[in-house]
Amino acid sequence: MKKRIAIILSLAMMFGAASCGTKTEETASVEETASIEEVSAAETSGASETEASAEIPNPWSDADDASAAASGAGVGYFVVPSDGTDTDIGPVSWDGFRYTDRLAEAYGYIGVCSVTIRKGLNQDTDDVSGDYNDYAYEWDLEADGWLVHCRGNVDGQAMLITWISDNFAYSISIRGQGDEYDSFGIDEYLVDSLVSQIQ
């Protein structure tokens, strides 16, 4: 009887030791996997940082006013409606000015509508707006003695106005807020008023 108890205890101890060995091996395997994942994550993070540093730099530079934007762009002069100028949709308010090679820009608001005005050298195109959207309507009209090309999604309401004057190309982009983003435009009277204030 004592021999049987001794054998049972010996077997129990052997199974316990084997079980501990398996757990130790499993723990070691989990630790190795975690280490590999950490190294992999670190390598991936390093790759992301390298990719981020290889991004194309912003070609635009900020300017203090329209005149500085014109000087930086090399377009001679750039005149836009003065801050606070009143229109039938609200006052003009400029958020900023910037320039890139041969292109000056003023951006801000007329009332609650965003507006961007650009002046660039007239080279291969008369459209310096950078707006490649399709519009439902396109038409030409005369504004301040210039033939201007208008585009919009509501007949007679211009969202994009472009024209050329001597060696320069100009654009005005207007966008409404919220639901009117793709529909709000300005009428012929306001087109003429704005064009007459831009040089």
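Tutor: Strands here are DSSP runs of at least two residues marked E, numbered from the N terminus. Keep in mind that this is a predicted model.

Student: Why is Asn 122 called partly exposed?

Tutor: Its relative accessible area is 27%. Buried means under 20% and exposed means over 50%, so at 27% Asn 122 falls in between and counts as partly exposed.

Student: Which residues does Asn 122 touch, leaving out those up to four places away in sequence?

Tutor: Ile 164, Asp 166, Asn 167, Phe 168 and Ala 169. Touching here means heavy atoms within 4.5 Å.

Student: What makes Asp 127 and Arg 151 a salt bridge?

Tutor: The cut-off is a side-chain nitrogen of Lys or Arg within 4 Å of a carboxyl oxygen of Asp or Glu. The closest N and O atoms of this pair are 3.3 Å apart, so the pair qualifies. The two residues come from distant parts of the chain: Asp 127 is in the loop between strand 5 and strand 6, while Arg 151 is in strand 7 (residues 146-152), 24 residues apart.

Student: And how do you know whether Arg 151 is buried or exposed?

Tutor: Look at its relative accessible area, 13%. That is under 20%, so Arg 151 is buried.

Student: What makes Asp 101 exposed?

Tutor: Asp 101 has 56% relative accessibility. Asp 101 forms a salt bridge with Arg 102, with the closest N and O atoms 3.4 Å apart. Arg 102 is partly exposed at 37%.

Student: How many salt bridges does the structure hold?

Tutor: Six. There is also a network of salt bridges linking Arg 98, Glu 105 and Arg 118.

Student: Last one: why is the patch with Asp 86 called negative?

Tutor: Its members are Asp 86, Asp 88, Glu 142, Asp 144, Asp 187, Glu 188 and Asp 192. Asp and Glu count as negative, so the patch does too.

How values were computed. Residues are numbered from 1 along each chain as its sequence is written. This is a predicted model: local features need pLDDT of at least 70, side-chain atom pairs count only at pLDDT 80 or more; totals for chains, interfaces and linings use all residues. Side-chain values use heavy atoms; hydrogens and water are left out. Patches are made of residues with over 30% relative accessible area and no salt bridge: like charges are joined within 9 Å, nonpolar side chains (Val, Leu, Ile, Met, Phe, Trp, Tyr) within 5 Å. Accessible areas come from the Shrake-Rupley method with a 1.4 Å probe; for residues, only the protein chains shown count as cover. The place of a charge is taken as NZ of Lys, CZ of Arg, CG of Asp or CD of Glu. Buried means under 20% relative accessible area, exposed over 50%, partly exposed in between (1.4 Å probe, protein chains only). Helices (H or I, at least four residues) and strands (E, at least two) are DSSP runs, numbered from the N terminus.
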